[in-house]
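Biologist: I am new to this structure and would like to learn how to read its features. Could we take them one by one?

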Amino acid sequence: MKLAIGSDHAGYKLKVEVIKVLEDMNIDFEDVGCDCTDSVDYPDFALPVAEKVAAGEVDKGILICGTGIGMSISANKIDGIRCALVHDVFSAKATRAHNDSNILAMGERIVGPGLAGEIVKAWLETDFEGGRHAKRVDKMMAIEEK
């Protein structure tokens, strides 16, 4: 598995902590930035992660900003992306199992590093269940065709 990770300035510190979790899990990743706490624009980092996931260059993505809201909205503008804003372990598992999410978004101002690590592990270790959920995901993705 390979993933892309990105943050804005408000998510940079949590991104550093999440990268440690990825390294501990031996997950191959590409960090698209940002690399500082100076003010930057979250769409500039959501877009490359989402494009890499949509193009199949990476399997999944992780985005972090202050709340995760701006990142998730930006990523979901790209066809093929199912970015889920998650701030608890149950939702991390559910969005993989039921929605086949391919990008995880979190907010540094909402989630601490310990919980973020648990969320990332749960999200990465949960498989899509398919079955009745596959039909629903197909319907959701067909909306992009309209």
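Biologist: Which residues make a nonpolar surface patch of about 250 Å²?

Modeller: Bear in mind that this is a predicted model. The nonpolar patch is made by Ile-69, Ile-73 and Leu-85. Leu-85 belongs to strand 4, residues 83–85. Its relative accessible area is 35%, so Leu-85 is partly exposed.

Biologist: Which residues form a positive surface patch?

Modeller: That patch consists of Arg-132, Lys-135, Arg-136 and Lys-139. Arg-132 sits in helix 6, which covers residues 132–142. With a relative accessible area of 55%, Arg-132 is exposed.

Biologist: How should I read strand 1: is it mostly covered or mostly open?

Modeller: In general, side chains in a regular strand alternate between the two faces of the sheet. Strand 1 (residues 2–7) is mostly covered, with five of its six residues buried. It runs parallel to strand 2 (residues 28–31), and four bridges join the two. Within this pairing, Leu-3 stands opposite Phe-29.

Biologist: How many salt bridges are found in the whole structure?

Modeller: A salt bridge needs a side-chain nitrogen of Lys or Arg within 4 Å of a carboxyl oxygen of Asp or Glu. The search finds seven. One of them joins Glu-30 and Lys-52, at 3.2 Å from N to O. Glu-30 is in strand 2 and Lys-52 in helix 2, so this pair ties together parts 22 residues apart in sequence. Glu-30 is partly exposed at 29% relative accessibility, while Lys-52 is buried at 16%.

Biologist: Which residue forms a salt bridge with Asp-100 at 2.8 Å?

Modeller: That residue is Arg-96, which is buried at 6% relative accessibility. Asp-100 also meets Arg-82 in a salt bridge, at 3.3 Å.

Definitions and conventions
Residues are numbered from 1 along each chain as its sequence is written. This is a predicted model: local features need pLDDT of at least 70, side-chain atom pairs count only at pLDDT 80 or more; totals for chains, interfaces and linings use all residues. Side-chain values use heavy atoms; hydrogens and water are left out. Patches are made of residues with over 30% relative accessible area and no salt bridge: like charges are joined within 9 Å, nonpolar side chains (Val, Leu, Ile, Met, Phe, Trp, Tyr) within 5 Å. Accessible areas come from the Shrake-Rupley method with a 1.4 Å probe; for residues, only the protein chains shown count as cover. Lys and Arg count as positive and Asp and Glu as negative; His and the chain ends are not counted. The place of a charge is taken as NZ of Lys, CZ of Arg, CG of Asp or CD of Glu. Buried means under 20% relative accessible area, exposed over 50%, partly exposed in between (1.4 Å probe, protein chains only). Two strands pair if DSSP finds at least two bridges between them.
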